[in-house]
Amino acid sequence: MGIFDNCLLVTDIDGTLIFGDNLISERNIKAIEYFKSEGGLFTIATGRAAAGINGLYEMSGANTYAIVGNGSGIYDFYEKDYKVCNYLPHSTKKTFVDLVKLFPEISVEVQHKDQIYKFYDSKDIDDHLHILRMEAKLVDISEVLGIEWTKASFISSNKELLDKFYAYVSNQNYDGFYFLRTGVPYVEMLSSKAKKEAGISALVDILGNIKQTFAIGDYYNDIGMLDACDVSCAVAEAPLEVKKSADYIACSCKDGAVADFIGFLNKDMSCKQEYL
């Protein structure tokens, strides 16, 4: 019997588990292996699509389903299929078109599961796709109005402009969907059911017999899952508001924040000294 039997640890990816060009520190890799050897289930919760994290999922050592699209889906990398998928309501599309007209300088993408669609080329879109290591299909907006969307993204390297956009949508009353700031240049439009904490809850239901949940993150879109889990952690670089939701503050992402957190959990649950 391991000290982490029936425990689930969920980590954000960007700025938490990985740094630089999709790098995971050796310290994190060793700590994750230790966590699993003690019976733990380890996985990732990310804003990225499943198709954009296949290599990262394998590299991370995850041993259960992944939470993708900021909770819009739970994905089985072994079966290559979604266990859960939360689509935006159809009413979203009119709002989306109206916002595109109101903020024409902001670049946009929409996504159906692992397919990203764009309606024109822009540097902001190219930069985003480069980070995701994915490609987008160029279409007319009319071509995607009839399909299900898992999310829509509003992207701008102009922080003042995106702040103005986020302030605008935050003051509206939307039914069935909401807007989430997922990074300095990104605001996402998601189903009200698509949240990382909801993804963790759904994953716990699928797995069954989970006695404790742990989560670590670095940004505003991680606050919900930090609040929802039994023990939570923020990385050193996280904004103050994110840190306020955490039970423990780890070192920087680059120095092995996930390993720091596992060390904290290990000491708390077993009264052992630091394992690394």
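Predicted model: local features only at pLDDT ≥ 70, side-chain atom pairs only at ≥ 80, totals over all residues.
Three strands form an open sheet in the order S5-S6-S7, and their pairing is antiparallel. Strand S5 (66-68) and strand S7 (81-85) are the edge strands; each has a single partner strand, so one side of each has no neighbour in the sheet. From one strand to the next, the twist averages 30°.

S5 and strand S6 (residues 73-76) run antiparallel and are joined by three bridges. Val68 has Gly73 in S6 as its bridge partner.

## The cavity

One cavity of 30 Å³ or more is found in the structure. The largest cavity holds about 30 Å³ of space.

Its lining consists of Ala49, Val68, Gly69, Ser72, Tyr82, Gln111, Lys113 and Thr150. Sorted by class, three of the lining residues are nonpolar, four are polar and one is charged.

## The cysteines

Zero disulfides turn up in a search of the whole structure. For Cys229, the closest cysteine sulfur is that of Cys7, at 11 Å, which is too far for a bond because a disulfide requires sulfur atoms within 2.5 Å. Cys253 is also in no disulfide: its nearest cysteine sulfur belongs to Cys251 and is 8.7 Å away.

Cys229 has a relative accessible area of 8% and is buried. Cys253 is buried as well, with a relative accessible area of 3%. The cut-off for a buried residue is under 20%.

Conventions: Residues numbered from 1 in each chain as written. Heavy atoms only, no water. 1 Å grid on protein atoms, 1.4 Å probe; cavity = no way out; pocket = protein on both sides within 12 Å on 5 of 7 lines; lining within 4 Å. Points joined across faces, edges and corners; volume = space filled by probe spheres on them. Nonpolar A, V, L, I, M, F, W, Y, C, P; charged D, E, K, R; others polar. Pairing = 2+ DSSP bridges. Helix = DSSP H or I, 4+ residues; strand = E, 2+ residues; numbered from the N terminus. Axes fitted to C-alpha atoms, helices over the stretch in contact; angles between N-to-C directions. Buried < 20%, exposed > 50% of the residue type's maximum accessible area, 1.4 Å probe, protein only.
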